[in-house]
Amino acid sequence: MISDTILNVVDLHKKYGDSIALDGVSFRVRKGETKVIIGPNGSGKTTLLKCLNLLVKPDKGRIWLGNIEITDPRININKIRRKIGFVFQDFNLFHHLTVLNNVMIGLVKVRKLKKHQAYKKAVDALSTVGLDNTLYYKYPAQLSGGQKQRVAIARALAMDPVIMLYDEPTSSLDPQFVNEVLQVIRKLAKNGVTSIIVTHQIDFALEIADEIIVMHKGRIIESGRPTELLSNPQNILTKKILIRNFRTLR
Amino acid sequence: MDFWSNFLINLVQGLTTTLQILVISIPLSIITGFILGFARVYGNKIIFYISTGISTTFRGLPLIVTLLILFFGLADLKIYLSPFWASILGFTLCGGSYISEYVKGAIQSIEQGQAEAARALGMNKLQEIIYIILPQTLIRALPGVSNEIIYMIQYSSLSFVIGVKEIFSVAKTFNSLYFRSIEIFTTVAFVYLLLIAIATLVFKIIENKLKIT
Amino acid sequence: MNYISLIEYLPYIFEGLLWSLALVLGGLGIGFTIGLPIGTMITYSDKYTKFILNVYIWIFRSTPLIVLLFLFYWGVFPNIGLKLSPLITSIIVLGLRSGAYQSEIFRGALESIDEGQILAAYSLGMSKIQAIISITIPQALRISIPSLSNEYAILLKDSAICFTIGVLEVLTRARIVSIATGIALIPYLIAGIILMMMTYIGLKFFHTVYKKTVIPGLIEGI
């Protein structure tokens with residue numbers, strides 16, 4: 001195994017009843033890499049991402065985070081999940097907690113930090129995502145969609161994850177808020193935070209990705225650097241997805 | 001005669017009385033509930049205050065207090081009701097008041113959207129109420145009404161305090177004669193559970209039949 | 001009939017207020033202690049546990065209070081060698097019954113909290129129990145306040161039923177006064193008014209708590 005591989009996914013399978021969500025997916029993520037997964041709705045992107053921190057249990061296949069196999073049934077999954085930052089499409093902030101407490105709760109309850117240490121880390125994370133400090137004592141329902149998603153990113157980031165997973169982070173946002181969230185994700189990726197991003201924002205994917213994975217019907221049909229995929233797409237579907245969106249990019 | 005056959009025979013007699021009370025007061029309280037409910041939404045000022053006053057009072061008073069007032073209290077004013085009819089009056093007023101809440105809620109939820117539509121068809125207020133509002137209210141208020149009727153089955157046990165010989169009063173009498181409290185009251189509890197299970201089932205069936213999809 | 005002595009008896013009826021309050025608060029407290037864990041277990045546990053707990057809920061919700069009171073006062077407690085006063089018996093029975101109702105309240109509230117928040121808690125590395133305790137229960141408690149205030153009003157009315165086993169609450173005292181003076185209407189009306197006032201004050205209190213615990217910006221369909 002290449003020494004800087006941080007995530008290694010081997011032959012994942014997942015079925016919901018009769019419908020196949022994942023049909024033998026394998027890939028690797030290197031430290032500091034930004035991987036973007038694209039594909040039509042129902043292609044298994046979100047299922048794949050949720051398998052990576054076992055919010056969804058794969059039926060078959062193995063996943064290593066560093067040198068720990070997280071699909072090993074003996075493993076304490078809560079210990080693993082705290083090292084994996086997960087950003088949901090619908091933010092899933094805790095309604096009853098202030099912005100600051102949303103970010104602190106994982107640090108206090110899971111990592112058992114002292115209040116003042118947690119506070120410091122939370123403030124760090126919140127300023128990294130560029131959230132104005134006048135918002136720290138607001139509740140989620142008082143924020144715009146873009147602010148909510150940035151808080152959600154800060155909540156994940158504060159835990160010092162070894163990898164960040166973003167599940168369609170801008171899909172629930174009104175158009176005017178998309179950019180502020182993408183900017184945060186871009187900034188983190190540039191700073192070397194290992195990331196996997198599921199998105200429909202093809203232009204953003206092409207810009208930010210070290211590698212793009214194209215999924216269809218639970219399989220990876222193509223993957224490669226953005227420039228490779230653009231200049232020489234092997235699969236007709238890849239071509240469709242990329243070309244349609246590339247036009248809008250220009 | 002041994003305890004059980006004696007007890008069960010009397011229990012059946014008590015059950016008959018309980019059922020008589022329920023069979024009379026359930027329809028009466030549904031009718032009262034609808035009248036009060038419609039009066040609270042459509043009545044003029046005076047009717048509104050009277051109907052709201054009745055509903056608030058009998059929802060606020062514990063049923064047991066209502067029964068004692070109707071039977072013992074009214075006697076002070078030379079109004080003498082039999083225990084049986086005092087119970088029926090009490091259940092009707094109490095049940096009707098609660099049901100009127102559900103009816104009122106149902107009417108208001110329908111009024112919001114469909115009153116204008118009815119008006120657009122050229123219906124007058126009365127036609128709107130009879131043809132549009134009432135039929136839907138019957139359906140929408142049903143879950144609340146069935147809930148209320150299940151409560152009435154339970155609380156019918158209270159009429160023993162004014163001397164109605166219903167099922168619970170039979171149990172109480174036998175308890176003071178035989179002191180076999182656990183058997184006696186478990187049996188009575190079982191009868192009530194059975195009545196309520198049957199009522200619940202019946203309402204489920206009605207609700208499914210009436211479901212508008 | 002003696003209206004003069006009726007006035008002298010008024011404070012006696014009013015003192016019953018403390019007993020009524022003890023019944024209601026005791027019942028509400030025991031009901032909460034039973035209802036929150038059971039509601040939580042029903043929401044999050046396997047179907048066998050669910051079934052057993054639902055049986056408890058169904059029995060205590062569907063049996064008339066008065067039957068339960070007599071069953072426990074004359075049957076269950078003496079049979080297991082417990083000599084409990086009418087007041088204590090009543091508080092326990094009201095509590096057991098309210099527990100069944102409150103389980104349903106908390107189950108409903110917990111189920112109304114979107115699953116996404118639980119997934120988010122898991123993704124931070126929280127265990128199921130941690131997620132339930134720090135994320136869903138605090139929100140469920142607040143959502144439950146209107147239903148709990150309703151439960152308070154019901155308990156207050158039910159507390160009057162405890163007069164049948166001789167708890168010296170408002171209604172029992174009204175009855176004693178009625179027998180002593182030969183006047184029924186006025187004492188029972190007074191008892192009724194006292195209980196209605198207690199309902200009103202209690203509901204105001206719950207409403208204040210609900211307002212105080214409002215989560216800014218969150219619109220709820222209650």
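## Briefing on chains A, B and C

In chain A, A:K217 sits in the loop between β9 (211–216) and β10; helices (H or I, at least four residues) and strands (E, at least two) are DSSP runs, numbered from the N terminus. The model is a predicted one, in which local features need pLDDT of at least 70 and side-chain atom pairs count only at pLDDT 80 or more, while totals for chains, interfaces and linings use all residues. Residues are numbered from 1 along each chain as its sequence is written, and chains are lettered from A and ligands numbered from 1 in the order in which they are written.

**The sheet of chain A**

- An open sheet of six strands in chain A has the order β6-β7-β8-β3-β9-β10, with mixed pairing; two strands pair if DSSP finds at least two bridges between them.
- β6 (84–87) and β10 (219–224) of chain A stand at the edges with a single partner strand each, so one side of each has no neighbour in the sheet.
- From one strand to the next, the twist averages 15°; axes are lines fitted to C-alpha atoms, for helices over the stretch in contact, and angles run from 0 to 180 degrees between N-to-C directions.
- Strands β7 (residues 163–167) and β8 (residues 195–198) of chain A pair in the parallel sense over four bridges, and the bridge partner of A:Y166 in β8(A) is A:I197.
- Helix α5 (residues 145–157) of chain A packs on this sheet and touches β6 and β7 of chain A, its direction making about 170° with that of β6(A); two residues are in contact if their C-beta atoms, placed from the backbone, lie within 7 Å.

**The hairpin and two residues with positive phi**

- β9(A) and β10(A) run antiparallel, joined by five bridges, and A:M215 has A:I220 as its bridge partner in β10(A).
- These two strands, β9(A) and β10(A), form a hairpin with two residues between them, and A:K217 in the turn has a positive phi of about 50° although A:K217 is not a glycine.
- A:K217 is partly exposed, with 15 other C-beta atoms within 10 Å; a residue is buried if 20 or more other C-beta atoms lie within 10 Å of its own, exposed if 12 or fewer, and partly exposed in between, with C-beta atoms placed from the backbone.
- A:E168, also not a glycine, has a positive phi near 40° and lies in the loop between β7 and α6 (175–190) of chain A.
- Is A:E168 buried or exposed? A:E168 is buried, having 21 other C-beta atoms within 10 Å.

**Chain B**

- Chain B has eight helices and zero strands, and its C-alpha atoms fill a box of roughly 70 × 45 × 20 Å along the principal axes.
- Of the 213 residues in chain B, 40% are buried.
- Among the contacts in chain B with a separation of 6 or more, 76% join residues 24 or more positions apart.
- B:G33 is found in helix α1 (residues 3–42) of chain B and is buried, with 26 other C-beta atoms within 10 Å.
- Not counting residues up to four places away in sequence, B:G33 touches B:G95, B:G96, B:I99, B:S100 and B:V103.
- B:G33 and B:G73 are 40 residues apart in sequence, and their C-alpha atoms are 24 Å apart in space.

**Nonpolar cores**

- The largest nonpolar core has 109 residues, and those with the most contacts inside it are B:I64, B:V65, B:L67, B:L68 and C:L69; a nonpolar core is a set of buried Ala, Val, Leu, Ile, Met, Phe, Trp, Tyr and Cys residues joined through C-beta atoms within 7 Å.
- Helix α1 (residues 3–44) of chain C gives this core its largest share, twelve residues.
- A second, separate core of 82 residues includes A:V29, A:L97, A:I105 and A:V151.
- Leaving aside neighbours within four places in sequence, B:L67 is in contact with B:A86, B:S87, B:G90, B:L158, B:S159, B:V161 and B:I162.

**Contacts of chain C**

- The contact between chains C and B takes 28 residues from chain C and 29 residues from chain B.
- On the side of chain C that touches chain B, α2 (47–62), α3 (65–79), α7 (170–181) and α8 (185–212) of chain C each supply at least two residues.
- By class, this side of chain C has 19 nonpolar, eight polar and one charged residues; Ala, Val, Leu, Ile, Met, Phe, Trp, Tyr, Cys and Pro count as nonpolar, Asp, Glu, Lys and Arg as charged, and the others, Gly among them, as polar.
- Towards chain A, 19 residues of chain C are in contact with 21 residues of chain A.
- α5 (115–123) and α6 (128–159) of chain C each supply at least two residues of the side of chain C that touches chain A, and α5(C) gives the largest share of that side, six residues.
- The side of chain C that touches chain A has ten nonpolar, nine polar and no charged residues.
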